[in-house]
Amino acid sequence: MKKMFFMAVLALLPMLASAEEAKFGYISSYDVMTAMPEVAKVEEYMADYNKKNREYLETMYNELQEKAAKYEADKATLSEAMRKVREEEVQTMYERFQNAQTSFQEDAQKEQALKLEPIRQKLQDAINAVGKRLGLVFVFDTSAGSPVLYKSEKAVDITSQVKKELGML
């Protein structure tokens with residue numbers, strides 16, 4: 001995907017060279033997003049959300065430990081059939097615990113993505129507005145892992161203008 005993006009940019013560069021001075025902007029969307037107050041609210045919400053799930057899992061785990069300990073304590077006095085039933089009960093509880101753990105993790109990721117999406121869109125709208133206002137051709141994201149390999153002194157850092165657009169400055 002990144003390769004295709006670079007190829008498209010490289011293909012457009014000759015056309016842009018003939019135009020007036022092409023203007024490029026850059027921003028660290030990660031830095032701006034993490035500074036947005038809405039993100040702090042989502043983090044608080046997710047901490048509470050995860051705490052409730054963690055408490056439930058702890059209760060499940062304690063019940064599982066009690067059942068396993070009781071089985072181990074009674075194991076020597078149980079008939080073969082009763083031992084097998086109790087082992088299956090412990091195994092079923094363990095599987096339920098693992099499934100709940102996995103389900104809670106997946107659910108938390110979905111919930112966080114759902115809560116962050118409108119914030120990401122708000123940031124994107126602000127980037128678009130600043131890019132249009134400044135007449136930029138492209139805006140590159142300099143967040144970690146971004147594809148920007150070179151940045152000229154003519155490139156415009158739009159971070160503060162996006163923060164202003166978002167009402168953060």
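Gly25 has Val139 of strand 2 as its bridge partner. Strand 1 and strand 2 run parallel and are joined by four bridges; strands pair if DSSP finds at least two bridges between them. Strands are DSSP runs of E with at least two residues, helices are runs of H or I with at least four, and both are numbered from the N terminus. In strand 2 (residues 138-141), Phe138 and Phe140 form the covered face, while Val139 and Asp141 form the uncovered one.

The model is predicted: local features need pLDDT of at least 70, side-chain atom pairs count only at pLDDT 80 or more, and totals for chains, interfaces and linings use all residues. Residues are numbered from 1 along each chain as its sequence is written, and side-chain values use heavy atoms, without hydrogens and water.

Ser28 lies in the loop between strand 1 (24-27) and helix 2 (29-35). Ser28 is buried, at 11% relative accessible area (buried is under 20%, exposed over 50%, partly exposed in between; 1.4 Å probe, protein chains only). Beyond its neighbours within four places in sequence, Ser28 is in contact with residues including Asp141 and Thr159, contact meaning heavy atoms within 4.5 Å.

Helix 4 bends by about 35° at Leu116, and Pro118 follows within four residues; the bend is the angle between axes fitted to the seven residues ending there and the seven starting there. Just after helix 4, Gly135 has a positive phi of about 70°.

Confidence is given as pLDDT, from 0 to 100 for each residue.

| Element | Mean pLDDT |
|---|---|
| Helix 1 (residues 2-18) | 50, the lowest |
| Helix 3 (residues 37-74) | 96, the highest |

Notes:
pLDDT is the predictor's confidence in each residue, from 0 to 100.
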